[in-house]
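Welcome! Please take a look at the sequence and the model below, and then we will walk through a cavity and some strands together.

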Amino acid sequence: MPYRIDTEMSDSYQIIGHNRIDIAETTSTNTLLSQMDQLAPLPDGTVLFAGHQTAGKGQFAKSWFSEPNTNILCSILLKPADFPVQSLFDVNIAITLGIFAVLDQHFPGCVKIKWSNDILVHEKKIAGILIENQIGSQKLSRSVVGIGLNVNQIHFPENLHQATSIRMLTQQEAALSYWQHATLKSINYFYVRMLQGFSPIDKKIYISHLIGLHEWRQWRIADGAFTGMITGVDAQGRLMMKGLDQSLHLWNPGEITII
Ligand code: BTN
């Protein structure tokens, strides 16, 4: 039975979105926020929302497409003080759980985390995360976390037929501003928990919601297909799997994807 999360119990102070910038259009919010921070340093938790991106970036050098003024397209600047590179995957956990939790409140039991950067509802992708880190002296200097969350888009390109949105799930147009606010609040809750130091329970919550946990599934790897069962995620964020012959495997992001 997966652990449930109640972000309403949080009275934590607001870091994420305390400084908020809204623009109509840019190439990529990740690129722009990073440039803005280089020109004049911005505070931890600054969020940049765009109505439209002309060159949205996805993971592994892919593109991210979204209809204009329809979905959440934002980037969050994180500057946790004195944050060791060994804990980098905690940033991924905080952001992923934040998005997971807000969706789980509306679609309980239907939301899954697809390691390492996607959120699915009914096994269809609703959100993707692109984390771009800058490291200096074994510490995280800053992280730019891009989030694309499908809110009101109902038509997706042919190659994204496994996509869904809030509107597709509810059959109703959703208030973009509500989802922006609720998502930031939820991410803030987990970011504050991360700054205080995640407990083993937080990591168990993350793992308990992974798609493919303790299930035999077919995976795609570089040289073909692989049947494996997720057993966990290690401290570096590598996916831990067991093969049919009981062999143990550790995968880095990009090396394996569920079929
Ligand atoms: C993925 O699933 O491949 C990650 C997608 C991340 C998309 C978001 S949209 C806002 C931010 N700006 C970008 O250029 N990309 C991220």
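## A cavity and its neighbouring strands

The largest cavity has a volume of about 30 Å³. On a 1 Å grid over the protein atoms alone, a cavity is a set of points where a 1.4 Å probe fits but cannot get out, and a volume is the space filled by probe spheres set on the points, which are joined across faces, edges and corners. Searching the whole structure turns up one cavity of 30 Å³ or more.

This is a predicted model, in which local features need pLDDT of at least 70, side-chain atom pairs count only at pLDDT 80 or more, and totals for chains, interfaces and linings use all residues. Residues are numbered from 1 along each chain as its sequence is written, and side-chain values use heavy atoms, with hydrogens and water left out.

Which residues line the largest cavity? They are Lys 114, Trp 115, Ile 211, Trp 219, Ile 230 and Ile 258, each with an atom within 4 Å of a point. Five are nonpolar, none is polar and one is charged (Ala, Val, Leu, Ile, Met, Phe, Trp, Tyr, Cys and Pro count as nonpolar, Asp, Glu, Lys and Arg as charged, the others, Gly among them, as polar).

Now to the strands, which are DSSP runs of E with at least two residues, numbered from the N terminus; two strands pair if DSSP finds at least two bridges between them.

| Antiparallel pair | Bridges |
|---|---|
| Strand 8 (residues 216-221) and strand 9 (residues 224-233) | Six bridges |
| Strand 9 and strand 10 (residues 239-243) | Five bridges |

Gln 218 has Thr 227 in strand 9 as its bridge partner, and a hairpin through two residues joins strand 8 to strand 9. Ile 230, one of the cavity-lining residues, is bridged to Met 241 in strand 10. The hairpin of strand 9 and strand 10 has five residues between the strands, and Gly 237 there takes a positive phi near 90 degrees.

Methods: On a 1 Å grid over the protein atoms alone, a cavity is a set of points where a 1.4 Å probe fits but cannot get out, and a pocket is an open set with protein on both sides within 12 Å along at least five of seven lines; lining residues have an atom within 4 Å of a point. Helices (H or I, at least four residues) and strands (E, at least two) are DSSP runs, numbered from the N terminus.
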